[in-house]
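Student: I am new to this structure. Can we go through it step by step?
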There are 2 protein chains.
Amino acid sequence: MEEKLNQLKGKLLQLADLNYTQAVLGWDMQVNMPPGGAEDRGELLATLGLIVHERFVTDENARLLEDLRSYSDQLDPDSDDARLIKVTQRMYDKATRTPPRHIAEFARAQVVGQTTWQEAKSKSDFSIFLPHLQRLVELRQEYASFFAPYDHIYDPLLDDFEPGLKTADVQAIFSVLRSEQVALIKAISSRPAPKDDFLSLEYSEESQWDFGVDVITRFGYDWEHGRQDKSVHPFTTSLGFGDVRITTRVNPTRLATALFGTMHECGHALYELGYNPAHRRLPLGSAASLAVHESQSRMWENLVGRSRPFWTFFYPRLQQAFSTQLGNVSLDAFYAAINKVSPTYIRVEADEATYNLHIMLRLELEIAMLEGSLAIKDLPAAWDARFNEYLGVTPPNAARGVLQDVHWSGGMMGYFPTYALGNLVSAQLWEVIIRDLPNLPEQIAQGDFSALLGWLRSNVHIYGAKYEPQELVEKITGNKIDPKPYLRYLNAKYGELYKL
Amino acid sequence: MEEKLNQLKGKLLQLADLNYTQAVLGWDMQVNMPPGGAEDRGELLATLGLIVHERFVTDENARLLEDLRSYSDQLDPDSDDARLIKVTQRMYDKATRTPPRHIAEFARAQVVGQTTWQEAKSKSDFSIFLPHLQRLVELRQEYASFFAPYDHIYDPLLDDFEPGLKTADVQAIFSVLRSEQVALIKAISSRPAPKDDFLSLEYSEESQWDFGVDVITRFGYDWEHGRQDKSVHPFTTSLGFGDVRITTRVNPTRLATALFGTMHECGHALYELGYNPAHRRLPLGSAASLAVHESQSRMWENLVGRSRPFWTFFYPRLQQAFSTQLGNVSLDAFYAAINKVSPTYIRVEADEATYNLHIMLRLELEIAMLEGSLAIKDLPAAWDARFNEYLGVTPPNAARGVLQDVHWSGGMMGYFPTYALGNLVSAQLWEVIIRDLPNLPEQIAQGDFSALLGWLRSNVHIYGAKYEPQELVEKITGNKIDPKPYLRYLNAKYGELYKL
């Protein structure tokens, strides 16, 4: 039986190679590819996708997995081998339920969706995107049907990003969050807003880049196993087990863009660089879920990067790099500015207090579209109405409203909630971290992040995809994903900042 | 039958996707990959190599090619379809003879070879590279054995780069060259050497880069379909039919390095950008051979880039960019300096008169290693001895001697002679070009390269791999590869420069 397991591992190692290869093609496409390369790159990716599917869904793999099912029952269910078999069975089940015809149709709809969305966004005209979004929703509905029966049509989509999580779980969590976050924002809005105009002065792009590099080097980003480049949309990707790259974007008149974007992507990269080397090129050597992934990026970006101890250490350096712009701005004023709460139209520019509301809005609309209770043509009006209800403002146009995000154009539905769940998990972990490392704030104030990274490595990163997200969070914190720590964190932080 | 041909083309298109994918992996490895990515990248390339092989060598393809053999006989043998079938049959024969196990082993040995060679070169310590070169030579010997019987063990290796050419052909050509080139060098060495110290002053790296970009933009390099980056060893690679990238290196105290290196790679890229779009992603949409490829790079680097008309146009611009260094150097003095003949240790820095001797040395050593008459541990001593014999000097260390070139570390044996053959072909083509375009020198002196590029596109580039190198050269010039035009070119150029 061990031999069969080794045979399976051999197949999985090759699949990992193909997945990493797709990552190389994708990274290059976003970072380096000249326009003339686009036509062929689409073909390359399509061919690779086909080959991955063909090589995974084989009679031989089906037999191996069938044979290993009973073997797995004899193993410690918490052993790496038992978990590997379980995760692979899950992947295999998903791959076999989806007909190749559907995969090809979905791939085509994604390409058309992304192209028309770009045009629609640039013209701020939803009608250009409407029929293609319609098609994508139909295809997502069809995809869900391959997994029937289900409790909710959204469950199979969510499960692709958050293994084991149900729509009802997410709704229960969000219903706790919604009222408390809305109340907090209301309380904050009655207080005077901090000044933050100095964040929008001219900042040298090169100095912004260098400052970000200094920060993430101190975080522990390993340049022997990664690199940073520029791209339109920042992202993190593994081009090999030992090659985890990040990208950032630098805006010459918005200091916060590169500053927090760089820390965010570094958080993702530290996670991917921390998987157990025993799982190299195997399915357990990957993320537990997108929420767990996002908990890492948001922790470094927000719980660390927007904290007072962090800036105790880094603000004098930032002032030195930008003495003209920040020489006369105090640490307190800077700290208040980067934590200013105010409703924005754009999700990726939202502060910590309003961010989750952007997500809830999208989740509710996604569910309504998939259930069929919201006609796609009515989506823009529904977006604007709900946006006003949650955030008190109405987007000026579709480009800064319903068309702002790329996800739906690629058929990525079930993805958005992971952003909010990541925020929750980051705060939930943080409470345990502070209990285990009571001196962490003092360490951070001295620019020392080694204990924090060490803790994350041994308590989170090392496990990779061995545990489902709810299992992992429970194993570490004693509870499943829970909104209360995040609410405690927000109330404490903003209570102090806004003297609530 | 046409349907079968279309089926075959469908398979070949997918293979092209995989080949381009390998190019993306390779380009990234040399330009961007952090050291930590090396281990997995080797696995990725090995897996891709295996999959390419598996998908090409199939019963279905064997049947298709068998069926198409008779169909091909009814076609005009010069038609694209007949040629495509012929070239594909040739590829198929090579692929079926090579066991997948060997392909994977070779791919892994290449990656290890390259990594250890880099270390060996940086430490100038051949012993670090020795066991890995040993392994690569053994694998190349094994590869040759798959094609037994052969006239010479080197034939199957050479044939991979120069379809149809035999070791004996190359040796015959080189034996004509050797004595005449040695005699020319001797005659030159008795004449006073031109001053060239001003080529080794401090030259801003950024200005060097910009000057090179200006030159190749005027040559006609299309930035919508390519890009230039820095790498340790400059190269050109196609990441898609419409994505042909070059790299260069810039030395702050050697003006010639980037200057001629950039033109050289641009020559390669112009070739790959000039294939017939009808052959997009098909085997005919690739190079006829490396010698033909090199004839293009050497033509732009030397016959154009080291010519007096070229500098008539560009020298005032170069003087403007580097007025401190070149303000007081006349065009004649500069022209003499960049064409100075003197033995150098480094092949890629060699002048046109000595260059081929560097190649002959390598060819003889490669043949001896493959024949087994030279033990790998004795290679450094053999290198130094023969170097002294041909060029009259002995390399100061291994880094500037036997370890200088990347080729052997990637198992590329049979490759070096193509460099010298490329020189010959460039001069052979040039005699026809000057007959067809008698005003070309005047055009070049005005910075106008459009007629030259147009001629190359319609007489060389467009054919891609439709003809074997000897066929192509004969079709254009009336003769097979012939050393005499190159010797005429050298004698005329250096006769004037050195007043022989």
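Tutor: Let us start with a definition. Contact means heavy atoms within 4.5 Å. Keep in mind that the model is predicted.

Student: Leaving aside neighbours within four places in sequence, which residues is A:Phe334 in contact with?

Tutor: Contact here needs heavy atoms within 4.5 Å. Neighbours of A:Phe334 within four places in sequence are set aside. What remains is A:Phe198, A:Leu199, A:Leu255, A:Leu259, A:Trp311, A:Tyr315, A:Leu318, A:Leu326 and A:Val329.

Student: Which residues touch the most other members of the largest nonpolar core?

Tutor: That core holds 322 residues. Those touching the most other members come from chains A and B: A:Phe219, A:Trp311, A:Phe334, B:Phe219, B:Trp311 and B:Phe334.

Student: Which helix gives the largest share of this core?

Tutor: The largest share is 12 residues. They lie in chain B, within residues 2–31. That is helix α1 of chain B.

Student: How many salt bridges does the structure hold?

Tutor: The count runs over all chains. The total is 90.

Student: How many residues apart are A:Glu352 and A:Lys493, which form a salt bridge?

Tutor: Their closest N and O atoms are 2.8 Å apart. A:Glu352 sits in the loop between α14 and α15 of chain A, while A:Lys493 sits in helix α21. The pair links distant parts of the chain, and the separation is 141 residues.

Student: Are A:Glu352 and A:Lys493 buried or exposed?

Tutor: Buried means under 20% relative accessible area, and exposed means over 50%. Both A:Glu352 and A:Lys493 are buried.

Student: A:Asp482 and A:Lys484 meet in a salt bridge. Why does A:Asp482 count as buried?

Tutor: The N to O distance in this bridge is 3.2 Å. A:Lys484 counts as partly exposed because its relative accessibility is 47%. Buried means under 20%. A:Asp482 counts as buried because its relative accessibility is 11%.

Student: Where does B:Lys11 lie, the partner of B:Glu60 in a salt bridge?

Tutor: The side chains of B:Glu60 and B:Lys11 meet at 3.2 Å, N to O. B:Glu60 is in helix α3 of chain B, 49 residues away from its partner. B:Lys11 lies in helix α1 of chain B.

Methods:
Residues numbered from 1 in each chain as written. Chains lettered and ligands numbered in written order. Predicted model: local features only at pLDDT ≥ 70, side-chain atom pairs only at ≥ 80, totals over all residues. Heavy atoms only, no water. Core = buried A, V, L, I, M, F, W, Y, C linked by side-chain atoms within 4.5 Å. Buried < 20%, exposed > 50% of the residue type's maximum accessible area, 1.4 Å probe, protein only. Helix = DSSP H or I, 4+ residues; strand = E, 2+ residues; numbered from the N terminus. Salt bridge = Lys/Arg side-chain N within 4 Å of Asp/Glu carboxyl O.
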